[in-house]
Amino acid sequence: MNLKRKLAEGFEVLDTRGGFDPETRARYMNASEADRCLREQWFEKNRHHDGTPKKLGFARRGHAVEDQIVKSLVAAGVPIRYAGEDQRNIRSDKYRIAATPDGELVEDGLITFTEFKSIDPRVNVSNLPKQEHITQVRIGMDLRQQELREGNSVETVVGAWIIYVNCSNFDEVYTFFVDYRSGVVENYSRRAERLFTAKHPDDLPAEGIAKGGKSGGCKYCRFHHMCSGFQGELQRPDPNAGDLQRLPGERGLLDLLDEISSLKPVEASLKAKTKELKEGMSELQLAALTSEDGSHKAFLSKRSGAKRLDKEALAAALVDTDIDLDSFYNEGPATLSLTIKEEKE
Ligand code: SF4
C-alpha cells in the first residue's frame, strides 16, 4: 500500500467535508479574503481552474490547530458555540459578503467572536495582529450583528479575540482583542460590487503589484501568469491640447512618434525589397548571396511547416465523450498593442 498516496487521498476527502460549497463561495466576497488583491479574487472566482493548483497544506495545518484549540477550550468548560463541526457561514445577499467565524463566546447576552490562526515559528510577532485578520473578524461581527438585529435578538456582538498559536509549539499563544465596529460590511460592499461587476480582470486594480510588486504579494498569487499587471484605464488625450495640458512625459513620446513616422516609408520599401530578393533567390535556387563589398549575406533555407493541432478533428473525436475541449483553453494575460497609422487629410 502506498501510504503517502493514501494520505493525500484522505486529505482530499476531509477537505470536502463540512466546508463552504465552492459554488456558493464564488458568489460572495469572503471576509478572510476581503483585503486581498481584487484582481486575484476575481481570478479565484471566475478562473480558478486556470491557476496553478491551490496548495492546501497550510490550510490543513490551520484546521488541525483550530481543531485542537476548540477541543481544549471545550475541555476547559469555555462556553463556545458555532465552533468546530458546528461552524456556520453567515452571508449577506444584499452586500454579497460572507464570513465563517471560528466560534463565539456568550456571556450575559454579549457575544465575543473567536478567530484561531496558526502561525509559523518564524513569524515576527510584533506584526500581529495582521490587518487582513482584523478586517476578517470585523466583517464577520458586523454580519452577525445584522443577523441578530433582523431576528430581534437580545444578544449583541461586542468584539472578537484573534488567537495566534505557534504551530510548532502550542505553548506559544498570542491573543488580541478587536472591538466591534458597525458599517464595516457596508464599506466593503463597494469592493464586493467592483469584484462582481467586473467583466475582465483588467477592469480591477492590480492591487498586489501596487502593494509590493513582484517581490511582494504577487509572487504568491497563483494567477500571476495570467495577470497583465496593467493598471487603470487608457486615456485618450485631446489631439489639439497645448503643451501645458499634456501629461508629464507626453512631449517626449510625441517626438518619438515623429521619428517613427519618418522611418515608416523606409520600413515599407525594406519589406517590399526583401520580398523581391527572396522570390529572386528562390527562382534561381540560390541558398546564399554575399554583397559585393562582403558586408552583408542573405541566406535562403527551407523550414518545415509548423505543426498545428487539428482542433476540428479533435473536437469530432471527442464528441461522444464527456471531455469538453473548451475547458483546455487557457487565456493568457492581456497585453498592450500599438498600431501606428498615417492619418489621411
Ligand atoms: S499577480 Fe499580483 S496584481 Fe496580479 S492578480 Fe495576482 S496578486 Fe493581483
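Two strands pair if DSSP finds at least two bridges between them; strands (E, at least two residues) and helices (H or I, at least four) are DSSP runs, numbered from the N terminus. The model is predicted: local features need pLDDT of at least 70, side-chain atom pairs count only at pLDDT 80 or more, and totals for chains, interfaces and linings use all residues. Residues are numbered from 1 along each chain as its sequence is written.

**Whole chain.** Start with everything shown. The protein has 9 helices and 10 strands. Its radius of gyration, taken over C-alpha atoms, is 30 Å, well over the 20 Å that the globule rule (2.2 Å times the number of residues to the power 0.38) gives for 345 residues, so the protein is more spread out than a compact globule. The C-alpha trace spans about 95 × 70 × 45 Å along its principal axes.

**Domains.** Select 7-197 for domain 1 and 250-280 for domain 2; these bounds come from an automatic or database domain assignment. Their centres, taken over C-alpha atoms, are separated by 59 Å.

Next select β1 (29-30) and β3 (90-92), together with β4 (residues 97-99). They belong to an open sheet of 3 strands with mixed pairing, in the order β1-β4-β3. β1 and β3 stand at the edges with a single partner strand each, so one side of each is left without a neighbour in the sheet. β3 and β4 pair in the antiparallel sense over 3 bridges; S92 has I97 in β4 as its bridge partner.

**Core.** A nonpolar core is a set of buried Ala, Val, Leu, Ile, Met, Phe, Trp, Tyr and Cys residues joined through C-beta atoms within 7 Å. A residue is buried with 20 or more other C-beta atoms within 10 Å of its own, exposed with 12 or fewer, and partly exposed in between, with C-beta atoms placed from the backbone. In the largest core, of 25 residues, those touching the most other members include M29, A31, I97 and I139. α3 (38-46), β4, α5 and α6 (184-197) each give two or more residues to this core, and α6 gives the most, with 5.

**Loop.** Finish at L309, between β10 (297-299) and α9 (311-317). L309 is exposed, with 7 other C-beta atoms within 10 Å.
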